[in-house]
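Me: I would like to learn how to read a structure like this one. Please take the features one at a time, with the rule before the case.

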Amino acid sequence: MSTTTKTLKLPFLRLNRAKAEEFARLQALNTATANAILALPKAQKRLLTSKAFAHVEIGSAWINQTIRNANARTQVKQFQCLPLETNNQNWTLHKVGNTYSIAFGLRRGIKKRLPLAVHHASHQPWLDAVLDGRASPGTVKLWCSRKGIWYACLSVSMDVPDADTTDKWIGIDRGQNIPMAAATPT
């Protein structure tokens, strides 16, 4: 058995304007925090914890991930936009009826559950596997598209059976003059 990881990009179901503005404000605050971390000397960056950012209203798990992200990107001078991200311990998936929802504590001391819209039928088996315990949840990232739609990008890992070996194959050659040519071994 091998493990495969898939990122599910799920829009929030009927997200109102107040929550969307709150997500945007907290994402801007997260980006400003990451830029403040980048301005620090390298020795001081390594010693940072969420306690150093107790004045920031974003939850400590989200701030810790921001610290990790800012320390991992050594070539970046400044972030334009750093999405909010947290690890698998700080979010849970729920299903009520046919509606999936995700619960997380984005602000300190406040945990909310928001419904998700599952448009792709291929995402439902992965979400059901997380609920059944057959798949392990990874990180969650809150991301906004250029159209202003907010998404929860869930990383999910699951064991899948190994592919059967075969002696049949097909060769494909993409060329300049002929767009594509395919041939079998015989």
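Reply: Start with charge: Lys and Arg count as positive and Asp and Glu as negative, while His and the chain ends are not counted. Each charge is placed at NZ of Lys, CZ of Arg, CG of Asp or CD of Glu. In this protein, the mean positions of the 25 positive and 11 negative charges lie 13 Å apart. The model is predicted: local features need pLDDT of at least 70 and side-chain atom pairs pLDDT 80 or more, whereas totals for chains, interfaces and linings use all residues. Residues are numbered from 1 along each chain as its sequence is written, and side-chain values use heavy atoms, without hydrogens and water.

Me: How many helices and strands does the protein have?

Reply: Both are DSSP runs numbered from the N terminus: helices are H or I, at least four residues, and strands are E, at least two. There are 4 helices and 9 strands, in the order β-α-α-α-β-β-β-β-α-β-β-β-β.

Me: What radius of gyration does the protein have?

Reply: The radius is taken over C-alpha atoms, and the globule rule is 2.2 Å times the number of residues to the power 0.38. For 186 residues a compact globule would be near 16 Å, but the protein has 21 Å. Along the principal axes, its C-alpha atoms fill a box of roughly 70 × 45 × 35 Å.

Me: Is Thr 86 buried or exposed?

Reply: Buried means under 20% relative accessible area, exposed over 50%, and partly exposed in between, with a 1.4 Å probe and protein chains only. By that rule 35% of the 186 residues count as buried. Thr 86, in strand β2 (residues 84–86), is buried because its relative accessible area is 0%.

Me: Which residues is Thr 86 in contact with, beyond its neighbours within four places in sequence?

Reply: Contact means heavy atoms within 4.5 Å. With those neighbours set aside, Thr 86 touches Ala 61, Trp 62, Gln 65, Trp 91, Thr 139 and Val 140. For the protein, residues 24 or more positions apart supply 62% of the contacts with a separation of 6 or more.

Me: Where is Ser 2 found?

Reply: Ser 2 belongs to strand β1 (residues 2–11). Ser 2 is partly exposed because its relative accessible area is 31%. Leaving aside neighbours within four places in sequence, its contacts are Met 158, Asp 159, Val 160 and Asp 162.
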